[in-house]
Amino acid sequence: SGFLCSVRSRSIARRSEGLLMIITGAKGIVGSRLMRAFPSAIGLDLVSGHDLVDPTAGYWEHFRNQDAVLHLAAVTSTRDGDTHIDSVVAATNVISACVRHGIPRLIFASSTWAEPRDDRPMTAYGHSKRAVEEMLRLFAMKPNRSAVAVRIGCVPRGGVPRDALCRSLFQSDAELEDFFRRALMAPYGFSLIEKFATLDPQQD
């Protein structure tokens, strides 16, 4: 089965090559990895002056004639609900740009925190992800549109994390790339791709 998975992954990679796409949050932990996987993509990021909360900025013209948008930009390092509202506003602007410019494929970097398991509490971050997932469902109601929420696990800056929970949800660069390539090939409508916790090899 490993051989078949490898062949399937190569087939998906070939089909996703050549797509014109934008990656938001291009200099973040996940975005920088995907920019390496899709080097011809247009990268937008707040540190480069692309504030997606501003719907009037000139860089929205980059959305013209694109095949797909990978929306990764979001705040992750705070529990402040108001800050996460800005993430939802930015996502709303991205979705509106896709509608305005006729972009048929929208992939959103959601999180396993959008639906916590193991009695973990819902957080402001999780609520923001769920809110955007619902907007993706609206976007995908029109024919010939595909919206995919990729619920990412744990993607640290370097190496396998020590924390047991994060380690159980760890995603390598290869797995992360495979998730998003699959998302780019998803059928029309709304889809969900999720990282489920795996058994920690360091636990009994």
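The legends below describe close-up views of a predicted model. Residues are numbered from 1 along each chain as its sequence is written, and side-chain values use heavy atoms, with hydrogens and water left out. In this predicted model, local features need pLDDT of at least 70 and side-chain atom pairs count only at pLDDT 80 or more, whereas totals for chains, interfaces and linings use all residues.

**View 1. Elements of the protein chain.** The protein chain has 6 helices and 6 strands, taken as DSSP runs (helices H or I, at least four residues; strands E, at least two) and numbered from the N terminus. From the N terminus on, their order is α-β-α-β-β-α-β-α-β-α-α-β. Of the 204 residues, 46% count as buried, that is, under 20% relative accessible area with a 1.4 Å probe, protein chains only.

**View 2. Helices α3 and α4.** The axes of α3 (residues 81–101) and α4 (residues 124–139), which are lines fitted to C-alpha atoms over the stretch in contact, come within 9 Å and cross at roughly 15°. The two helices are therefore roughly parallel to each other (angles under 35 degrees, on a scale from 0 to 180 degrees between N-to-C directions).

**View 3. Confidence at the two ends.** The pLDDT, the predictor's confidence in each residue from 0 to 100, averages 84 over the protein chain, and 79% of the residues score at least 70. Where pLDDT is low, the predicted coordinates should not be read in detail.

Technical notes: Parallel < 35°, antiparallel > 145°, perpendicular 65-115°, else oblique. Buried < 20%, exposed > 50% of the residue type's maximum accessible area, 1.4 Å probe, protein only.
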